[in-house]
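Take a look at this structure, shown here with its sequence. A short tour of its side-chain contacts comes after it.

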Amino acid sequence: MPAAPRLIVSLLVLAAAWTLPTHAGAQAGIAPAPVAAIGSHCGARAPGDTRPRIGLVLGGGGARGFAHVSVLKELERQRIPVDCIAGTSMGALVGGLYASGMTAADIEREMRALDWPRMFNDRLERPQRTYRRKRDDDLSLIPAKPGIGNDGLKIAPGVLSGERVLLLLERLTQPVATRGDFNTLPIPFRAVATDLNTGQAVVLGSGNLALAMRASMSIPGVFKPVIVDKRVLVDGGLANQVPVDVVRAMGADVVIAVDVGTPLVALDEGASLFDIVDQISGFMTVGSARDQLDTLGANDILVLPPLGNQVSTSDFDKLDLAMKIGEQGMDAIRPRLAALAVARGDFNEVVAARPAPSTETPVIDFVRLENRSRYSDEYLLSRIDIAQGQPLDTDRLQASLQRIYGLDTLDLATYDLVVEDGKTGVVVSIVPHSYGPNYLESGLSLYSDFSGDFFVNLRLGVLRAPVNPLGGELRGLVQIGDEPGLLLNYYQPLGTDSGYFTDLGLSYESPKFGLFDATGERIANYRAPNWGGQATLGREFGNYGAATLSLRRRYGEAALELGNPLLDGLDYDVGEAEFALTYDRIDSSYLPRDGTYAVLSHVVSRTSLGADADFQQTNFDVLHARAIGKHSGFAGLRYHVSSDVAIPLQSQFRLGGLTRFSGYRPNERLVPNYAMAYGGYTYELGRVLSRPAVLGSTIEYGRTWYDGMDLDDGEDELHASVYFGFDSWLGPLQLGYGLREGGRGIVLLELGRKR
């Protein structure tokens, strides 16, 4: 975990340490709940089986918990049957999977197959988002949207909802998903979480297994808390890092405890604020673990993999190293483990006697929705792909739920398999954001050409979503700075599952632009205030694209700020209709590395609609990108032509910027017709919280032509660029150098700027 999020976590944990009740005698631990009532259940016994019941305890530790898998592999290798398991945080994840019937090799295979950075990023990949959410990119808003209401700002209780993690756990535990009592799992199991309101440990032994595992690993500030039986649960390590007492209460005779927690470090007077806060937060988990480990008896076994500082809690890319160190941790205790081994035949008999997980895909008899959101049941059910009377297609169901989660107004869209009256059903749970439905939106844009233009703008607004059960959304956005503006927008789906929608908008803009001569010298600076509205009727096609019909009406003028008064006082009117077909499966609007984007549109301008002139324009843009590892190549075409009449300046095509003749500044040239082909390459320098930083280059060839001419008569244009790009939290950042044949180069800096 990077330093900033870790600092947030540490501060939150520290706050909990100061405000929650502490356990007498613990260094900084939280009072554990009584565990005697858990029930003595630590594995079934065949007649005459007198071997000791072995309870396995797997402690929390994030990525350090990969070492747990090595411990499981060693226990299997030595034929030591585990009769019951208790786990905290990462230990609950590994322990729950093992208790569900997976072998150590199965767990290792799944962990190796996971894209761990993706697991800790709930945001739906852009190709999978709805057309509506993709269009949000056009506004260049910061993804984080705190709630806003009568009580002021409402901050999300965690960076992540844990949607992707929970769906993964649902898939992996599906063979035992209908077993609501964890005693009936192949190996009886308990997950340990912490009650946020009491500070006590909460032992989870029934309910939804995946949800129990997810609750146990709800790291404060990173994962949002989980509600189970009306209790608000966070990471179990705050109260019981290594839950020895839990397996003891389950009936274990011998405890094998594995502690992979991060030890305290030696600090001096030069320690940073982060080091101090991180150390204090460590008092809680280390103190809790020490209290539990002190209860181990002479027959119990403690496993301490020597992870040291070689693997941190966030080093999910060090699975091999953590498992290797986990094996090393077994060296000193192998002789003691050997005393617990059973004969091969007896071991196989013990494993075979366990309640076996189901090997058949369940047939779904009913679907029930537990909907706590403002969306109607019909709206949500129309988006859930479950065929009743057919075997459950887990991939299709989870894809449906992720698309619903992609509405960006929900904490969770998940499910549970249940058996009621002998019938198997799916219970889908929809949980809205606790801080909605009003969200504060913000954005920052910056532009400089390092030769006279420098604009900074701040956007602030409110999004209400949904405003009605059909998913309507209302947005108000104001921009202050060098280019003030205002946007009011209302989006409304038409029906529960038709795909049709309307989009109505009113806006005011006051952009700045420069007038340049053929050599790129600035002639004048202008401001172009304009206002108007647009009405759109559209049809979405899943997350692939949409067909839209729009009517636009705008009024504007060009006002001189400095230089040549050629365009000063130019008033203009726009009145036009546009039909567009859009295919949008690109991974990024600004830094594309994979996927395809294409749009074909036809614009009809008419004086009868209020325009200055009658004309038509046809537009076609297509871009395809392909990523192979850190390398990516892309290629595209642009073809924009107008009817053979004089086209008003405000309706001419604006050239300049990356992939629009990058040797020009944005909007440096206005032409009625142009065509171009371009290609490019990017290399991914790295990722910061799943956000890519790249180095890229483009080469662009095209032609521009004017009224009375055609493509063959056009003027050839050859441009190229190199740039650095970063999909930052404030918006897409680009710093580049563009060059055109026969012209001088330009340097551009853009942050969160709409093109």
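The paragraphs below cover a disulfide, then aromatic rings, then charges over rings.

This is a predicted model: local features need pLDDT of at least 70, side-chain atom pairs count only at pLDDT 80 or more, and totals for chains, interfaces and linings use all residues. Residues are numbered from 1 along each chain as its sequence is written, and side-chain values use heavy atoms, without hydrogens and water.

Start with the cysteines. The structure holds 1 disulfide (a pair of cysteine sulfur atoms within 2.5 Å). Cys 42 and Cys 84 form it, with their sulfur atoms 2.0 Å apart. Cys 42 lies in the loop between helix H1 and strand S1, and Cys 84 lies in strand S2. Helices (H or I, at least four residues) and strands (E, at least two) are DSSP runs, numbered from the N terminus. Cys 84 is buried, at 0% relative accessibility. Buried means under 20% relative accessible area, exposed over 50%, partly exposed in between (1.4 Å probe, protein chains only).

Now the rings. Rings of Phe, Tyr and Trp (its six-membered ring) pair if their centres lie within 6.5 Å; planes under 30 degrees apart count as stacked, over 60 as edge-to-face and the rest as tilted. The count comes to 17 aromatic pairs. Trp 116 and Phe 316 are stacked because their centres are 4.9 Å apart and their planes are at 20°. They sit 200 residues apart in the chain.

Last, a charge. The charged end of Arg 585 sits over the ring of Tyr 544, 4.4 Å from its centre. The rule asks for NZ of Lys or CZ of Arg within 6 Å of the ring centre and within 35 degrees of the ring normal.
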